[in-house]
Amino acid sequence: MNFVETRRAQELRDRAVELAIAGRDSEASAVFAEATTATRSILQMSSRAIALCELATAFHRANRHEEAKALFAEIPQIAQSLWPASSQENVLSELVGALAQAGEFVEAASVAASLKGEGERVKALRSLATALTQAGKFEEAANVIRSITKGSERVRGFLELAVALESCDRPDQASAMFTEATSAARSLKFLSVYSLLEVVKTLEQVNRPKEADAVLTETKAIAYSLGDEVDRENSLNHLAKALTQLGRFSDAVEAARSMRYPSWPEKALSEIVAAQARSGQLSEATALAYSIRVDGYRGEALNHVGAALKLANRDAEASAILAEAEATLKAAWKARAEALADEFD
């Protein structure tokens, strides 16, 4: 029932904003009144408080700022009545995001500072930083990001800000934010591989290939040098996936073949084959597919190659490879069934 009430409130406030933007003020007022009634009828208090945050945002979007402010002032009182404390913090975190989107940055920062749980505080500060970035308040956004205690989220905040600065033709400031993002990612020990790869992807997106190459070189060195087996295998697996997505297939193959856990290299290689085939590198994909030692993954890889050949209207080659893929997969399934039978024998 709570879902139905919440969905109804959402539909009404969206409609009210549409009417307000279209200049149909009297109709908008009527629908806002319905939306307010529907929101206040939500039984679960925490859901009601979050819906009131969203309603206040809707009022702001419709240039009904006094009504928005009245709701913003009411929400902290509702939050204080909630139990457990995590529910209070969740609502207040949502309030920070709503206040920030309404341009009430000082109030948003004040509420964020009152949050005790790291998770909700980080979420609130990220929302505030995003809103400041969108408003062009770049230095204020950077300062908020620097106060985020969770390293991976601090990296994402800097990257978001760097992209915004790049799009505003402020390359030097963007470079500074990329540097801060890289430094924050580097400090995350074995988790640095994951965040550094986010930096690489973002640098690629904004057409900074030399910087992307430099960060990637560092990332690969970290992944290969990790001493803990679990950390190393997981990092190499993530590295292979990221390199595949970036189209850096040679590097991806190197990372895949460096993994030691059973079947992990073969699975990664099969995914690389699929990406190569989609990108039209059919000869390379075919050769790589045949190099995979595990039947099941080799069969999957050959299927990807066959499908790509068929799309390229190379039907004879496609038919031969698809037939081989089917036979290989059947052999793999049979071997798996026999192994399971032996386990239960």
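This is a predicted model: local features need pLDDT of at least 70, side-chain atom pairs count only at pLDDT 80 or more; totals for chains, interfaces and linings use all residues.
I began with Trp264, which counts as partly exposed because its relative accessibility is 28%, where buried means under 20% relative accessible area, exposed over 50%, and partly exposed in between, with a 1.4 Å probe and protein chains only. Residues are numbered from 1 along each chain as its sequence is written, and side-chain values use heavy atoms, with hydrogens and water left out.

**Around Trp264**

I placed Trp264 in helix α15, taking helices (H or I, at least four residues) and strands (E, at least two) as DSSP runs numbered from the N terminus. Leaving aside residues up to four places away in sequence, I found that Trp264 touches Glu233, Asn234, Asn237 and Met259, a contact being heavy atoms within 4.5 Å. I also looked up Leu236, which is 28 residues from Trp264 in sequence and 9.9 Å from Trp264 in space, C-alpha to C-alpha.

I then turned to Ser263, which has a positive phi of about 75° although it is not a glycine, and which sits in the loop between α14 (249-257) and α15 (264-278). Ser263 counts as partly exposed, because its relative accessibility is 30%.

**α14 and α15**

How do α14 and α15 cross, and within what distance do their axes come? The axes come within 8 Å and cross at roughly 165°, where axes are lines fitted to C-alpha atoms, for helices over the stretch in contact, and angles run from 0 to 180 degrees between N-to-C directions. That makes α14 roughly antiparallel to α15, since angles over 145 degrees count as roughly antiparallel, under 35 as roughly parallel, 65 to 115 as roughly perpendicular and the rest as oblique. I recorded the crossing of α14 past α15 as left-handed, meaning that the near helix is turned anticlockwise from the far one by less than a right angle, with clockwise being right-handed.

In the contact, Phe249, Ala252, Val253, Ala256 and Arg257 of α14 meet Pro265, Ala268, Leu269, Ile272, Ala275 and Gln276 of α15. By class, I have nine nonpolar, one polar and one charged residues here, with Ala, Val, Leu, Ile, Met, Phe, Trp, Tyr, Cys and Pro as nonpolar, Asp, Glu, Lys and Arg as charged, and the others, Gly among them, as polar.

**α4 and α5**

I next looked up α4 (residues 65-80) and α5 (residues 85-101), whose axes come within 9 Å and cross at roughly 165°. The two helices are therefore roughly antiparallel to each other, and α4 passes α5 in a left-handed crossing. From α4, Phe72, Ile75, Pro76, Ala79 and Gln80 meet Gln88, Val91, Leu92, Leu95, Ala98 and Leu99 of α5. I sorted the residues of this contact into nine nonpolar, two polar and no charged.

Pro84 lies in the loop between α4 and α5, and I noted that the peptide bond from Trp83 to Pro84 is cis, with omega near 5°. In the loop between α3 (45-61) and α4 I found Asn63, whose phi is near 60°, a positive value in a residue other than glycine. Asn63 counts as exposed because its relative accessibility is 60%.

**Cysteines**

How many disulfides does a search of the whole structure find? I found zero, a disulfide being a pair of cysteine sulfur atoms within 2.5 Å. Cys53 counts as buried at 3% relative accessibility, whereas Cys168 is partly exposed, with a relative accessible area of 42%.
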